[in-house]
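Hi there,

Here is the structure I promised to pass on to you.

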Amino acid sequence: MRYTCPMDPEIVQIGPGACPKCGMALDPMDVFAEVEADPEYDSMRRRFWVSAAMSLPVLVLSMFALGLRLTHNVRNLIEFALATPVVLWGGWPFFERFWASLVNRSPNMFTLIGLGTSAAYLDSVATTFFPQVFPASFRSMDGAAPVYFEAAAVITTLVLLGQVLELRARERARGAIRALLNLAPQQAHIVEAAGSEKDVALDQVKHGDRLRVRPGERVPVDGVIREGTSAVDESMVTGEPMPVEKVAGDTVTGGTLNTSGSFVMEAQRVGSETMLAQIVRLVSEAQRSRAPMQRLADRVASYFVPAVVLAAVLAFVGWMFFGPEPRFAHALVAAVSVLIIACPCALGLATPMSIMVSVGRGAHAGVLVRNAEALETLARVDTLVVDKTGTLTEGKPQLVSVGVLSGTTLTRDELISLAASVERSSEHPLARAIVRSAEEKHLPLLPSNGFLATSGGGAEAIVGGKHVLVGSAAFLQKDGLNTPSRLPPALGITESSANTFVHVAVDGKPAGVIGLSDKIKSSTPDALHALRADGLQIVMLTGDRRETAAKVAAKLAIGELEAEVKPHQKAEAIKRLRAQGRIVEWPGMELMMLPRWLRRTWASRWAPARTWPSKMRGSRCSKAIFAVLFARGS
């Protein structure tokens, strides 16, 4: 397996280890769906707990030695016995990295850690076993030279703790990539030439294989439907919560969810060629990308380490010649303090770790970030472009009103019952909304025969001896039925109460209209208020009808609106906004779900973001897009 350094991506090697430049533990470049053992993390965690257990009594002994009435020699021997395993065994990885920094002439934070801890430890060992080498001027008032075992041990333990936290954060970030990999099924159903089916591992699927995808299963690879029809949840790719109806000849993407019918597809892109594999690669590369701020931090660090060493030398010399007695003790403490306290751990780790964790959190919540530079661009964003369905609204239509046309003897409940009896054989979101409403009202669902669905139009069936059509106005008009161009007021359905209208005809005559609406999310108003408070201008960009979009925009006080925009036209709309001098963020996702403290989300100038399947969007993780550390004003 290939490993690379988060701070120095040009460092690539086979197998784990430490970066020869900065000393950080290398990170695996290739991530697999299975949870892999991390020997580096296990080693650091074991060293930390053992070191912590031995450093605590050393610290207590050094602070309360007088109360324990121990002689200097006894106390020093006890501290030596406890601190030696901590420094030499617990801190051994740091000394290896310290030596590597000297050999490679690449000073880093481990250079300072190695110098500081070794100076404190070696001075204490010399004081314990060879006290006669120290002149009287180096001794304290009671005649004993001081030891610094507790400093060496505690510093080593704290650095080990930092390494454990760092490695655990990196492991959790890699967990986001594993979650993406797990979107693809582990097996595929291959349809053989004779018509029989067999299950094979996903990595055995080849280009041209015919695969069966059953209801409720995920599409194994990218390909084209050859037989059957279905509704596929493509929110992983498009961000749209509504399943898309698919027929023979339509393309499907690996990792998307087949919600209804069974179909046979032909595999066209497999393995690393699939869109899901490319998404995983994008997330992995984004985690390892370098932000402009990181390049600045690297340049500062290259001068900072030598400057700290020089400052430690000057501190030692100054206290040695101009400090109070015992001069050597004060000089050594001052030098070691400079080396340890000035260690640029935060300078070296903050940027790469924030990028890795942020990108990982984003991937868990369904957000892709192009690279680390996109995160920094977020601080300058002044315009947020949002979709309507599934972003401002719930993306789940609900029945809100029913109108019965004059001349029919049906009641409203009977109309819903007939329509639901037809639609219960359909997987369309509008059909499910009608069926759900009938079930909530405890209306009877009658047996139906001869069910026939027309993609993008509607459905028909024989229910209780009656021929019932349910669908759009255009669908009914194709059967020669005249639907009203405008709904009569007496019907009780207006465009202010419903966004979508489903017409119902019984035995060749229009019978009524069912109004459905996609409700605004409860979290949307508060989220918009928080975004406006940050100085962001909100623009709605949607493919829905202008009347429908205008109602939602008016309720949410969104002044800028572009409706009836086709998918391929949205990029042009973004370009027009950018031409006005705006810095635009275009999530195209469930942005309104994020809480206030995480509202500074992923970004790019107009970034290609995608949401993931509904199980991710419904989780607590999806309540926020993700946190980045480069927030505006921070």
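Below is what I found for two helix pairs. Please keep in mind that this is a predicted model.

Let me begin with α3 and α5. Helix α3 covers residues 72-90 and helix α5 covers residues 109-129. Their axes lie 11 Å apart, and the packing angle is about 150°. Angles over 145 degrees count as roughly antiparallel, so that is how α3 and α5 run relative to each other. The crossing of α3 past α5 is left-handed. On the α3 side, the contact is formed by N76, L77, F80, T84, V87 and L88; α5 contributes Y121, V125, T128 and F129. By residue class, this contact of α3 with α5 has seven nonpolar and three polar members, with no charged ones.

Next comes the pair of α4 and α5. Helix α4 spans residues 92-103, and its axis comes within 8 Å of that of α5. The two axes cross at roughly 120°, which makes α4 oblique to α5. Here, too, the crossing is left-handed, with α4 passing α5. From α4, the residues F94, F95, R97, F98, S101 and L102 take part. They meet F110, T111, I113, G114, L115, T117 and S118 of α5. This contact of α4 with α5 divides into seven nonpolar residues, five polar and one charged.

I hope this helps when you open the model on your side.

Best wishes

Terms used. Residues are numbered from 1 along each chain as its sequence is written. This is a predicted model: local features need pLDDT of at least 70, side-chain atom pairs count only at pLDDT 80 or more; totals for chains, interfaces and linings use all residues. Side-chain values use heavy atoms; hydrogens and water are left out. Axes are lines fitted to C-alpha atoms, for helices over the stretch in contact, and angles run from 0 to 180 degrees between N-to-C directions. Helices (H or I, at least four residues) and strands (E, at least two) are DSSP runs, numbered from the N terminus. Angles under 35 degrees count as roughly parallel, over 145 as roughly antiparallel, 65 to 115 as roughly perpendicular and the rest as oblique. A crossing is left-handed if the near helix is turned anticlockwise from the far one by less than a right angle, and right-handed if clockwise. Contact means heavy atoms within 4.5 Å. Ala, Val, Leu, Ile, Met, Phe, Trp, Tyr, Cys and Pro count as nonpolar, Asp, Glu, Lys and Arg as charged, and the others, Gly among them, as polar.
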